[in-house]
Amino acid sequence: MSKPLLQVIIASVRQGRVGKPVADYIVGAIENREKFAVEVIDLAEVNLPLMDEPNHPRLGRYTHDHTKAWSATISRGDAYLIVLPEYNFSFTGPLKNALDHLSKEWAGKPVALASYGDMDVSVLDEKPAGRKP
């Protein structure tokens, strides 16, 4: 019986990003456990355009080769680990775009998140400018 495929998705596409070394570290720890086959997917290499399909993703009627290829890639995964930086107290635009390109391919499969950032937690206690307490 083959091992389940864990796809590790690097969600940052910026030049000089930290996501790849973080993902490499995590993959090194996971591969030693031998419970999963691991595939690394780098959204910078996938390079999806902004959602440009004419049909809603839930229909699965993709017309563009890049969406068909993305669908085939994600369909073969059994579980996902998304390595993502914190951008403006949220996740990255490229990740949102990659998630929104598909629908059924993600359904019913487990997802874990490994997030990183360089913001001091004390910033969370600060009140945004112009906001009353």
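This predicted model holds two aromatic pairs. Select Trp70 and Trp106 for one of them: the ring centres are 6.3 Å apart and the planes meet at 65°, so the pair is edge-to-face. Trp70 sits in helix α3, while Trp106 belongs to the loop between α4 and β4 (111-116), so their pairing ties together parts 36 residues apart in sequence. Now colour by accessibility. Trp70 has 2% relative accessibility and counts as buried. Trp106 is also buried, at 14%.

Tyr80 is buried, with a relative accessible area of 1%. Show the three together: Trp70, Tyr80 and Trp106 make up one aromatic cluster.

Next, the largest nonpolar core. Which of its 15 residues touch the most other members? Select Ile9, Leu43, Trp70, Ile74 and Trp106. Then highlight α3 (65-75), β3 (79-85) and α4 (93-100), the elements that each give two or more residues to this core. Strand β3 gives the most, with three residues.

Centre on Ile9. Leaving out residues up to four places away in sequence, Ile9 touches Ile41, Leu43, Ile74, Tyr80, Leu81, Ile82, Val83 and Trp106. Apart from this core lies another, of 12 residues, including Ile10, Ala23, Ile26 and Ile30.

Last stop: select Arg14 and Tyr87. The charged end of Arg14 sits over the Tyr87 ring, 4.2 Å from its centre.

Conventions
Residues are numbered from 1 along each chain as its sequence is written. This is a predicted model: local features need pLDDT of at least 70, side-chain atom pairs count only at pLDDT 80 or more; totals for chains, interfaces and linings use all residues. Side-chain values use heavy atoms; hydrogens and water are left out. A nonpolar core is a set of buried Ala, Val, Leu, Ile, Met, Phe, Trp, Tyr and Cys residues joined through side-chain atoms within 4.5 Å. Buried means under 20% relative accessible area, exposed over 50%, partly exposed in between (1.4 Å probe, protein chains only). Helices (H or I, at least four residues) and strands (E, at least two) are DSSP runs, numbered from the N terminus. Contact means heavy atoms within 4.5 Å. Rings of Phe, Tyr and Trp (its six-membered ring) pair if their centres lie within 6.5 Å; planes under 30 degrees apart count as stacked, over 60 as edge-to-face and the rest as tilted. A charge sits over a ring if NZ of Lys or CZ of Arg is within 6 Å of the ring centre and within 35 degrees of the ring normal.
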